[in-house]
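The structure is shown first.

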Amino acid sequence: MSWDFSFSIRMEIVQDQFGLRLPITLSIAGQEIEANAYLDIGATYCVLPREAGERLGLDVEAGEPTSLRTGGGQMPTFLHYANLTIDELSFEDVPICVAKYQEFDRILLGRAGWLQKVRLNLVVYEDSLYLNLHGQ
Amino acid sequence: MSSVAFDQLRDRLLKLPPDIIRTLRAALELESKDRQKLLDELPDQQPVQHREVKVRRVKPRDYSKELKWLRENAHLYRGQHLAVSGDDLLAHGPDFGEVFDRAKATGKKFLMDYVAREDEVWGGGLWL
């Protein structure tokens with residue numbers, strides 16, 4: 001048995017031993033950050049360094065305190081909402097977690113707010129990620 | 001409380017950040033009457049209710065030059081944040097905020113990236 005899918009978006013990804021990175025844009029009220037984010041579909045939320053949250057104009061600690069579980073223990077963050085753009089798809093009001101401590105220094109692209117709305121195909125040996133809005 | 005539950009609780013508490021441990025210690029050192037009063041006032045943790053996410057299509061941005069530059073050069077900047085515009089490296093360094101601010105001061109659009117150190121291996125996801 002086989003299943004065939006088609007995708008309207010192809011994105012280039014960058015790989016290293018830490019993971020797969022793809023370009024995204026995060027924006028809040030006119031402030032935006034374009035960045036390569038590590039794709040982490042094991043993570044519930046997108047997670048940002050505190051300094052990235054501040055550059056988006058957030059009052060970081062005014063967000064909802066949210067403790068994320070990791071293999072190394074709890075990680076304190078604050079939950080906010082942002083617009084997330086991946087190629088031609090812009091997801092509005094995506095929940096994101098901003099790290100409380102500055103030691104967390106990279107952008108992770110977790111599942112919440114976008115992954116449920118797309119079909120995703122990853123072909124690592126071609127440095128390619130394919131997307132399509134679910135149901136289209 | 002069984003010793004198993006005690007051990008699990010202790011292991012979890014020892015992994016908490018220092019400021020939370022200080023707060024916990026202060027709470028545990030309260031008189032029993034006040035400790036119970038505090039326990040009664042603590043809200044049950046409610047599941048987070050998220051806003052509805054809407055999707056719209058936008059004109060995609062072309063990052064092909066930045067990604068080509070990163071494929072060819074990122075390995076030279078291990079453990080650093082980079083700000084790349086086309087095939088120009090605008091700023092780099094260990095601090096996200098400093099690199100972002102220096103790149104933004106150029107007035108150009110740019111893509112931020114972090115290049116993992118060679119000894120870094122990602123161990124897994126983050127969840128609630």
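## Strand pairing in chain A

A:Thr25 has A:Thr85 in S7(A) as its bridge partner. Three bridges connect S3(A) with strand S7 (residues 73–86) of chain A, and the two run antiparallel. Strands are DSSP runs of E with at least two residues, helices are runs of H or I with at least four residues, and both are numbered from the N terminus; two strands pair if DSSP finds at least two bridges between them.

This is a predicted model, in which local features need pLDDT of at least 70 and side-chain atom pairs count only at pLDDT 80 or more, whereas totals for chains, interfaces and linings use all residues. Residues are numbered from 1 along each chain as its sequence is written, with chains lettered from A and ligands numbered from 1 in the order in which they are written.

## Hairpins

S3(A) is also joined to strand S4 (residues 31–39) of chain A by eight bridges, in antiparallel fashion, with A:Pro23 opposite A:Asn36. In their hairpin, two residues lie between the strands, and A:Ala29 takes a positive phi near 45°.

Strand S2 (residues 14–16) of chain A pairs antiparallel with S3(A), residues 19–28, over three bridges. A:Asp16 has A:Gly19 as its bridge partner, and two residues separate S2(A) and S3(A) in their hairpin.

## Between the chains

Strand S8 (residues 89–99) of chain A runs antiparallel to S1(B), joined by four bridges; A:Ser90 stands opposite B:Arg56.

In total, 40 residues of chain B are in contact with 48 residues of chain A (C-beta atoms, placed from the backbone, within 7 Å). On the side of chain B that touches chain A, S4(B) gives the most, with five residues.

How values were computed:
Contact = placed C-beta atoms within 7 Å.
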